[in-house]
2 protein chains.
Amino acid sequence: MEPVPMLLVMAYRAMGDQFHDRLRQIGLEPLRPAHGYVFRFLKAKRATTVDIGQHLGVTKQAAAKIVNELDEWGYVLREPHPTDKRAQYVTLTTKGRDYLKFADNLWSDLEGEMADAIGKPTVDAIKTGLTAYLQHVHGDDQPGIRPVW
Amino acid sequence: MEPVPMLLVMAYRAMGDQFHDRLRQIGLEPLRPAHGYVFRFLKAKRATTVDIGQHLGVTKQAAAKIVNELDEWGYVLREPHPTDKRAQYVTLTTKGRDYLKFADNLWSDLEGEMADAIGKPTVDAIKTGLTAYLQHVHGDDQPGIRPVW
DNA sequence: GAATATGGTCAACCTGGTTGTCCAGTGAGA
DNA sequence: TCTCACTGGACAACCAGGTTGACCATATTC
């Protein structure tokens, strides 16, 4: 049998491909995983571009490019920081929140199909198992989310 | 809880980071995951650069660059194809096979540590579950191994 | 034997990141 | 309160790992 990380990345890729295919069918901008992670992050907390870069595991300059794209496409906007005149909060627009809602539904559909294929208990075991492993390795600080190739 | 693909990619990254750290400690060339996949592929079957590109999910030109690196570093060599004068088989050198052996040991160490952390039955469930899922999605043709970001 | 397809290579280019630099604003300590 | 180290954001140059396109020599198909 394949080594574990190989299985992980192949399954990630398989799910991601299906997700992307269905997104494309409804004709959205060419959003990449990184964009999705930004949405998810912004929903959870107020954040600046620097925060986003840290979360994605890239430099603030790279994060700025991504934020610019999302801005052009109307998914986020920047508003002044209430106390720090240098900083700007990046916030989701309605379009951004709608996307996120749609994506969440899609993910849970795909997870449902996975459960149909291999059984819900197995899916649950995978989720709790990997969560526990990440907790074991990273403790409470955030694990890397950017795959390396 | 995080969506499944997020867990998959975080766990992939976590294991990969540990693998890479330990590799670096013993001072090997900057081998990336793609190189490892090539070794694994070459062990399984005789292959040309074109075959490798197909396996990795990249163009033959990109595959050629990778093969060139591995050649310079002494992990592979090219030998003439017995019947097709255009083609060359890429084959592992002793150094390549040694690396692969070392890497396999390291992976199984890491998998053992994972089992210590979350229990061997859980690890087994993850492996068989993901394998079954991939079988479900891809049937018998090879799933993509290159993560998208 | 001619037309088409394929392995390998060279070259130009694209994209998503990096490093380096700078400025304006922040905030802690003397 | 002044000074000085630090930080958010932007601009520019560069890099790495891919892509597309073209080409040649050999294979294959008819």
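Colleague: How many residues surround DNA strand D, and which are the closest?

Modeller: 19 residues surround DNA strand D, and the closest are A:T48, A:A87, B:T59, B:A62 and B:K85. Keep in mind that this is a predicted model, where local features need pLDDT of at least 70, side-chain atom pairs count only at pLDDT 80 or more, and totals for chains, interfaces and linings use all residues. Residues are numbered from 1 along each chain as its sequence is written, while chains are lettered from A and ligands numbered from 1 in the order in which they are written.

Colleague: What makes a residue "near" the strand?

Modeller: Its C-beta atom, placed from the backbone, has to lie within 6 Å of the strand. By class, the surface near DNA strand D has eight nonpolar residues, six polar and five charged. Nonpolar covers Ala, Val, Leu, Ile, Met, Phe, Trp, Tyr, Cys and Pro; charged covers Asp, Glu, Lys and Arg; the others, Gly among them, are polar.

Colleague: What span should α4(A) have, and how far apart are its end C-alpha atoms?

Modeller: The expected span is 1.5 Å times one less than the number of residues. With 13 residues, α4(A) should span 18 Å, and its end C-alpha atoms are 18 Å apart, so the two agree.

Colleague: Which residues of α4(A) are called buried?

Modeller: A:A63, A:I66, A:V67 and A:L70. Buried means 20 or more other C-beta atoms within 10 Å of a residue's own, exposed means 12 or fewer, and partly exposed is in between, with C-beta atoms placed from the backbone.

Colleague: How many residues of chain A are in contact with chain B?

Modeller: 44 residues of chain A are in contact with 44 of chain B; contact requires C-beta atoms, placed from the backbone, within 7 Å of each other. α1(A) gives the most to the side of chain A that touches chain B, with 14 residues.

Key. Two residues are in contact if their C-beta atoms, placed from the backbone, lie within 7 Å. Helices (H or I, at least four residues) and strands (E, at least two) are DSSP runs, numbered from the N terminus.
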